[in-house]
Structure formats: structure tokens, C-alpha cells
Amino acid sequence: MSVTHIVFDLDGTLLNTIEDLAAAGNHTCKLHGWPTFTIDQYRYKVGNGMLKLVERFMPAEYAGDSRMFEQILAEFRAYYAEHKEDHTAPYPGIIDMLDELRAEGLTLAVLSNKDHAAAAPLVQRYFGDRFALVQGHIAAFPPKPEAPVTLHTLEQLGATPEHTLYVGDSNVDVATGHNAGIRAVGVTWGFRGRAELEAAGADYLADAPADIVTLVRSL
């Protein structure tokens, strides 16, 4: 088997978090009398971390207002911390897929642009100890798709790019893998869909979690 490690994105790949993210964003907007957005609109606001998400739902008139941005970010984080499990759940088939991959001897990890303080408890809550490492966004590294945090994750795992897959649902995730020399698997059940993943140059596509197991066994 040419794959020894698989690193997964979290939101839109393992967990369907979009309702809780949208609710936190809209709650924050309502506090200030700003326009709110649909869940489908939030699918294109998430993916680059919480700071970028807040920037995307704030009205354009506040661009560059660092004091307002920090206030809104704090409000968003506080609400999301309390409500991040209201609707969030693993996608169907994810648990079985993870268990089959582990049974094949693979080491699994999560690398997410979600704040580490939010990502780690969610992974523990829904997946227990199935992952050897969870790396959310921290100030020490720029967010995905920049390579440093991905390479740091590989180093912590003792993994090499050529024997690792990165799995995610967006063009950010494809770039995350490629920027670190890792083959990227695009999952079509997430927030963005097949067309974006194909355009981004995903090395492989998976329409269901079981497809990842089949893929790994074929490599």
C-alpha cells in the first residue's frame, strides 16, 4: 500500500457544520442590524478560517476597521462556542470509513482552518480517539492552503508527502495538498461540490466515504 497516512479537512468533509456556522454568523449580524445570509451563501464564505468568515459576512463599509472586526470576531466565537453542536453531525458513512481505514493500518489526522480551540473538542466529541492528531488554526501558522501548517502536521505524524493523502471538499483543500506535495482527494458530498474540485485539479474524487477506502486499497 503506497498510502500510510490520510489527513482530513473537518468542516464539509467529516462533519456537516454549515447550519451551526451560519447560525453563529447570522446571530452576530442580527446583533448589529446587518443583513443575514442563507446557508447556501455560507457554503462559499467558510473554508479559509474564522477570521476570513467574519470578514466575509461583515458589511463592506467596515473593511479595514480593526476595532469593529475584533469585536465581531469575539461575538462570533462566543456564540459558536456555545452552539457548535446544535446541528452538527458526521456525514453518513464517515465513521465506518474511518474504522475501515484504521483496520487497514493507516494513521489518520485532521487539519482544519477552524480555530483549534473549536476543532479539537468537536473531533473528540464525534470521533473519539480515531485520529492520531488534530491540528486546527493557531496563530503560529498562516491558514490553509499555505504549506507550513500542513508540513508541520506531517512532521508531527512522522509522515512523508508521497505516502500521504489530503482529503477535503473545496478548492482550498486541493491547494492545501498540492502546496505541500500531497495528492488531494476531493469529496463531493461537502460544501462546494464536484465542479469546483475538478476545476481545482483534485487528483481523485470521492462521491461517498466508502470510495476513499476503495481508493486507498487500489494505490
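**View A. The aromatic cluster of Phe8, Phe127 and Phe131.** Phe8, Phe127 and Phe131 together make up one aromatic cluster in this predicted model. Phe127 has a relative accessible area of 1% and is therefore buried. Phe131 is likewise classed as buried, because its relative accessible area of 10% falls under the 20% limit. Phe8, the remaining member of the cluster, belongs to strand S1 (residues 5–8) and is buried.

**View B. The stacked pair of Phe76 and Tyr80 in helix H4.** Six aromatic pairs are found when the whole structure is searched. One of them joins Phe76 and Tyr80 in a stacked arrangement, with 6.0 Å centre to centre and 5 degrees between the planes. Both residues belong to helix H4 (residues 66–83), where they are four residues apart, about one turn of the helix. Phe76 counts as buried because its relative accessibility is 0%. Tyr80, at 1% relative accessibility, also counts as buried.

**View C. The edge-to-face pair of Phe127 and Phe131.** The ring planes of Phe127 and Phe131 stand at 85 degrees, over the 60 degrees required, so the pair is classed as edge-to-face. The ring centres of Phe127 and Phe131 are 5.7 Å apart.

**View D. Charged side chains over aromatic rings.** Lys45 is placed over the face of Phe37, at 4.1 Å from the ring centre. In a second case, Arg125 has its charged end over the ring of Tyr126, 4.6 Å from the ring centre.

**View E. Side-chain directions along strand S1.** In a regular strand, side chains alternate between the two faces of the sheet. In strand S1 (residues 5–8), His5 and Val7 point one way, whereas Ile6 and Phe8 point the other way. All four of these residues are buried.

**View F. Strand S1 and its partners S4 and S6.** Strand S1 runs parallel to strand S4 (residues 107–115), and four bridges join the two. Within this pairing, His5 stands opposite Thr107 of S4. Strand S1 is also joined by four bridges to strand S6 (residues 164–168), again in a parallel arrangement. Here Ile6 has Leu165 of S6 as its bridge partner.

Note on methods. Residues are numbered from 1 along each chain as its sequence is written. This is a predicted model: local features need pLDDT of at least 70, side-chain atom pairs count only at pLDDT 80 or more; totals for chains, interfaces and linings use all residues. Side-chain values use heavy atoms; hydrogens and water are left out. Rings of Phe, Tyr and Trp (its six-membered ring) pair if their centres lie within 6.5 Å; planes under 30 degrees apart count as stacked, over 60 as edge-to-face and the rest as tilted. Buried means under 20% relative accessible area, exposed over 50%, partly exposed in between (1.4 Å probe, protein chains only). A charge sits over a ring if NZ of Lys or CZ of Arg is within 6 Å of the ring centre and within 35 degrees of the ring normal. Two strands pair if DSSP finds at least two bridges between them.
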